[in-house]
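Here is a short report on one protein model. It takes helix packing, cores and backbone details in turn.

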Amino acid sequence: MTRVLHVLDHSLPLHSGYTFRTRAILKAQQAAGMEVRGITGLRHGAEGPDIETVDGLTFHRTHGEASGPPGLREWREVSALSKAILDLAAEWRPDIIHAHSPALCGEGALAAARKLGIPLVYEIRAFWEDAAVGNGTGREGSVKYRMTRAMENHVVGQADAVFTICHGLRDDLIARGFEGAKIGISPNGVDLDLFGDPPPRDEELAAELGFGHEPVIGFIGSFYDYEGLDDLIAAMPILRETQPGARLLLVGGGPCDEALRAQAAASPASDAITFTGRVPHGEVERFYSLIDILAYPRKRSRLTELVTPLKPLEAMAQRRLVAASDVGGHRELIEDGVSGTLFPADDPAGCADTLSTLIDNRARWDVMRNAGSRHVAECHDWAHNIHRYQSVYQQLLEHRTDEVAQVAA
């Protein structure tokens with residue numbers, strides 16, 4: 001039985017797109033007969049035991065604190081993670097180390113893998129320097145931006161195999177000069193066992209929010225600038241000119257929460273915009289049940305052009321109608337007019353016009369929902385996609401066996 005150690009920034013019991021993807025991967029590998037564990041770096045940031053079992057998955061924690069000026073602090077983080085991996089490997093001997101971005105995880109895993117003499121697979125879910133720009137904690141071209149990019153390049157160059165979650169990231173690495181044959185794609189996916197038929201409309205919640213049966217546009221997630229929710233709010237007065245009953249439901253929170261609420265309060269369509277704040281994970285389905293069209297109005301940037309998000313896939317898996325901006329990450333997931341609808345990015349009027357047309361075409365809603373659900377089942381089901389990893393693992397292990405045999409001879 002192949003043992004795979006996944007090296008992670010953070011994990012369950014924390015909830016994020018990152019941890020949900022990790023859960024899906026590890027669960028699918030377990031179901032395929034692999035033995036898997038995870039280990040998190042110092043940025044996991046949640047209290048808990050040294051070894052934590054969540055949802056049948058085992059996670060080991062790196063403890064300690066990295067201090068010092070930038071550069072030295074990150075080096076100490078890498079060293080602590082590498083030591084934790086080596087300590088774990090002394091008692092639970094992995095065959096493969098599979099590290100997931102950011103590059104700090106990759107560097108710690110690389111150092112440990114070389115000392116252990118086992119293969120390293122490195123997986124990039126986003127370029128974290130671009131993610132920092134997108135969430136407002138970094139600036140493109142800064143020293144930190146360039147250092148993060150250089151660290152990523154180093155790990156990609158040294159890893160035995162590399163995966164990205166989409167073509168945009170892979171193409172960018174190839175443009176940097178890395179060999180395409182070394183870089184595979186493991187697209188964002190969903191565990192279809194978690195999704196059944198969509199729940200019926202929650203009439204009690206609808207009454208609490210003052211909703212009738214008018215069309216509801218919705219967004220459920222984190223309020224970052226790159227998500228483009230300001231454009232969605234700006235689109236509402238225009239949309240209401242042709243769809244006077246349309247409502248906008250925003251569920252979640254984040255750095256842009258206060259600014260978005262202020263924008264909505266000043267909007268001519270303020271009475272049609274509802275904020276719920278963050279809601280418990282177990283309550284999210286109630287809000288989904290009220291939404292006719294899930295909107296993802298991401299702004300155009302390096303991050304959104306290169307990275308495919310998870311939320312639209314989860315929505316399509318639940319047979320929900322999806323409308324999204326036409327950035328590269330969305331174009332990889334959604335076929336316009338078939339599995340969903342695309343509208344111009346950074347263009348409130350274009351967004352409003354597309355949403356209005358979609359509302360008018362109710363007769364096609366079930367066809368689009370079915371197409372979206374079918375696309376996810378055929379192309380983004382972890383039960384199938386997990387084999388992309390297995391074939392690479394097998395090749396690496398066979399190559400290692402051949403190398404050991406040659407040395408012995």
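## Helix 8 against helix 9

Leu229, Asp230, Ile233 and Ala234 of helix 8 meet Leu260, Gln263 and Ala264 of helix 9. The model is a predicted one. The axes of helix 8 and helix 9 (residues 257-265) come within 10 Å and cross at roughly 10°. Because angles under 35 degrees count as roughly parallel, helix 8 is roughly parallel to helix 9.

## Nonpolar cores

The largest nonpolar core has 57 residues. Ile217, Leu232, Leu250 and Ile293 touch the most other members. Helix 8 (residues 229-242) gives this core its largest share, 6 residues. Another core lies apart from it, with 37 residues, among them Ala112, Leu120, Phe127 and Leu169.

What does Ile293 touch, leaving aside residues up to four places away in sequence? Its contacts are Val216, Ile217, Gly218, Leu321, Ala323, Leu355, Leu358, Ile359 and Trp365.

## Helix 1

Helix 1 spans residues 17-31, 15 residues in total. From first C-alpha to last it reaches 21 Å, close to the 21 Å expected at 1.5 Å a residue. Its buried residues include Tyr18, Arg21, Arg23, Ile25, Leu26 and Gln29. Gly33 follows helix 1 and has a positive phi, near 95°.

## Cis peptide bonds

The bond from Leu12 to Pro13 is cis, with omega near 15°. Pro13 sits in the loop between strand 1 (3-8) and helix 1.

Ser101 and Pro102 are also joined by a cis peptide bond, with omega about 20°. Pro102 belongs to the loop between strand 5 (96-100) and helix 3 (103-116).

Asp55 is not a glycine, yet its phi is positive, about 55°. It lies in the loop between strand 3 (51-54) and strand 4 (57-61). Its relative accessibility is 39%, so Asp55 counts as partly exposed.

Arg319, another residue other than glycine, has a positive phi near 60°. Its loop runs between helix 12 (311-317) and strand 13 (321-325). Arg319 is partly exposed, at 29% relative accessible area.

## Ser339

Is Ser339 buried or exposed? Ser339 has a relative accessible area of 6%, so it is buried. Its place is the loop between helix 13 (328-331) and strand 14 (341-343).

A polar atom of the Ser339 side chain lies 3.0 Å from the backbone nitrogen of Glu335. Not counting residues up to four places away in sequence, Ser339 touches Met316, Leu333, Ile334, Met368, Ala371 and Gly372.

Terms used
Residues are numbered from 1 along each chain as its sequence is written. This is a predicted model: local features need pLDDT of at least 70, side-chain atom pairs count only at pLDDT 80 or more; totals for chains, interfaces and linings use all residues. Side-chain values use heavy atoms; hydrogens and water are left out. Helices (H or I, at least four residues) and strands (E, at least two) are DSSP runs, numbered from the N terminus. Buried means under 20% relative accessible area, exposed over 50%, partly exposed in between (1.4 Å probe, protein chains only). A polar contact is a pair of N or O atoms within 3.5 Å; within protein, one must be able to donate a hydrogen and the other to accept it, and residues adjacent in sequence count only if both atoms are side-chain atoms. Contact means heavy atoms within 4.5 Å. The expected span of a helix is 1.5 Å times one less than its number of residues. A nonpolar core is a set of buried Ala, Val, Leu, Ile, Met, Phe, Trp, Tyr and Cys residues joined through side-chain atoms within 4.5 Å. Axes are lines fitted to C-alpha atoms, for helices over the stretch in contact, and angles run from 0 to 180 degrees between N-to-C directions. Angles under 35 degrees count as roughly parallel, over 145 as roughly antiparallel, 65 to 115 as roughly perpendicular and the rest as oblique.
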